[in-house]
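Subject: Structure for your review

Hello,

Please find the structure below, with notes on what turned up in it.

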Amino acid sequence: MTDVVAVDWSGARTGEGRRLWLAHVRDGQMLELTSGRTRRQVIDHLIELKAACPEHLAVGLDFSFSLPAWFLHQRGLRSAADLWREVAEHGETWLHDCQPPFWGKKGDRRPELEEHLRRTERVATIGGIAAKSTFQIRGAGTVGTGSLRGMPYLLDLQRAGFCIAPFDPPSCHTVVEVYPRLMTGPVHKRNLADRAAYLERSRWTLSPGQRALAASSEDAFDAAITALVMDEHANELRRVRPTDDPDLRLEGWMWAPNNIEA
């Protein structure tokens, strides 16, 4: 039996619990869809769930697990875990100063960089929607802030015995990076009516209350759909293995159904 948890992460400096949603699914049944926890509380909850789910627990976290390989090479970092430690020490300064390669301040121009995207981000497109650069830490659609405020927690999960894919040896407790857009497809997620219609015609068995809660916000929707899709592909998640590709060993990849990188 595989338990699946998807977390729609938040990079908010304060009050992140309003935007941070967690969905827990087992065998097609939504066991939990909640918000209100801080980032720290979510990580502690995942570690508690690990003990309660001895067979297999797969966790999907919605933030970038690394940065483009050239950045790690430039800073003399030999692994993704080295980057997480670097972010734990310097991440808040990077966010405050917003200096290249990071960008997004009002009036900023996108800097010229060797590469803005990781390999996995370059191919993560669906319905004309493409992944954004983790170097963008301010502005609409920013993913960098949540990522820099998420990476240090991967060290906590690693120390607790989780396998952080695709970097660590396989385990029955696995954490993967997810991009909810690859799970939901090209739905207009910002529109309540479109979210509700999507859920009404979906293939999943949800109670009316669960559908209403999942449709209540884009964050709840992303967490719910990601967990349900992961649950459908639980056997794939059981087979996740570390990569031998030297760039992916540094950059990581986004898990998605039938992802050949995984």
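**The largest pocket**

The lining of the largest pocket is made up of 13 nonpolar, 10 polar and 13 charged residues. Here Ala, Val, Leu, Ile, Met, Phe, Trp, Tyr, Cys and Pro count as nonpolar, Asp, Glu, Lys and Arg as charged, and the others, Gly among them, as polar.

Before the rest, two notes on the source. This is a predicted model, in which local features need pLDDT of at least 70 and side-chain atom pairs count only at pLDDT 80 or more, while totals for chains, interfaces and linings use all residues. Residues are numbered from 1 along each chain as its sequence is written, and side-chain values use heavy atoms, with hydrogens and water left out.

The largest pocket holds about 1000 Å³ of space. Of the 36 residues that line it, Asp62, Gly141, Thr142, Val143 and Glu218 are the closest to its centre. A pocket is an open set of points on a 1 Å grid over the protein atoms alone, where a 1.4 Å probe fits and protein lies on both sides within 12 Å along at least five of seven lines; lining residues have an atom within 4 Å of a point. Grid points are joined across faces, edges and corners, and the volume is the space filled by probe spheres set on the points.

At least two lining residues each come from strand E6 (129-130), helix H5 (144-148), strand E8 (173-178), helix H7 (180-184) and H10. Helices (H or I, at least four residues) and strands (E, at least two) are DSSP runs, numbered from the N terminus.

**Strands E1 to E3**

Strand E2 (residues 21-26) runs antiparallel to strand E1 (residues 3-8), joined by 6 bridges. E2 is also antiparallel to strand E3 (residues 29-35), again with 6 bridges. Two strands pair if DSSP finds at least two bridges between them. Histidine 24 in E2 stands opposite valine 5, and its bridge partner in E3 is glutamate 32. E2 is mostly covered, with 5 of its 6 residues buried; buried means under 20% relative accessible area, exposed over 50%, and partly exposed in between (1.4 Å probe, protein chains only).

The hairpin of E2 and E3 has 2 residues between the strands, and aspartate 27 there takes a positive phi near 50°. Aspartate 27 is exposed, with a relative accessible area of 54%.

**Aromatic pairs**

The structure holds 12 aromatic pairs. The ring centres of tryptophan 70 and phenylalanine 71 are 6.0 Å apart and the planes are at 80°, so this pair is edge-to-face. For tryptophan 70 and phenylalanine 135, the centres are 5.7 Å apart and the planes at 40°, so the pair is tilted. Tryptophan 70 lies in helix H2 (residues 69-74) and phenylalanine 135 in the loop between E6 and H5, so the pair ties together parts that are 65 residues apart in sequence. Rings of Phe, Tyr and Trp (its six-membered ring) pair if their centres lie within 6.5 Å; planes under 30 degrees apart count as stacked, over 60 as edge-to-face and the rest as tilted.

Tryptophan 70 counts as buried at 12% relative accessibility, and phenylalanine 135 does at 0%. Trp70, Phe71, Trp94, Phe102 and Phe135 form one aromatic cluster.

**Backbone exceptions**

Most residues other than glycine have a negative phi, and most peptide bonds are trans. The bond from proline 100 to proline 101 is cis, with omega near 15°, and proline 101 sits in the loop between helix H3 (80-97) and helix H4 (119-122). The loop between H3 and H4 also holds cysteine 98, whose phi is positive, near 50°. Cysteine 98 is buried, with a relative accessible area of 2%.

A cis bond also runs from alanine 165 to proline 166, with omega near 5°. Proline 166 is in the loop between strand E7 (163-164) and E8.

**Two buried residues**

Histidine 173 lies in strand E8 and is buried, with a relative accessible area of 7%. Leaving out residues up to four places away in sequence, histidine 173 touches Lys50, Cys53, Pro54, His56, Leu57, Gly161, Phe162 and Cys163; contact means heavy atoms within 4.5 Å.

Serine 217 is in the loop between helix H9 (208-215) and helix H10 (218-232). Serine 217 is buried at 18% relative accessible area and, with residues up to four places away in sequence not counted, touches Trp21 and Arg195.

Regards
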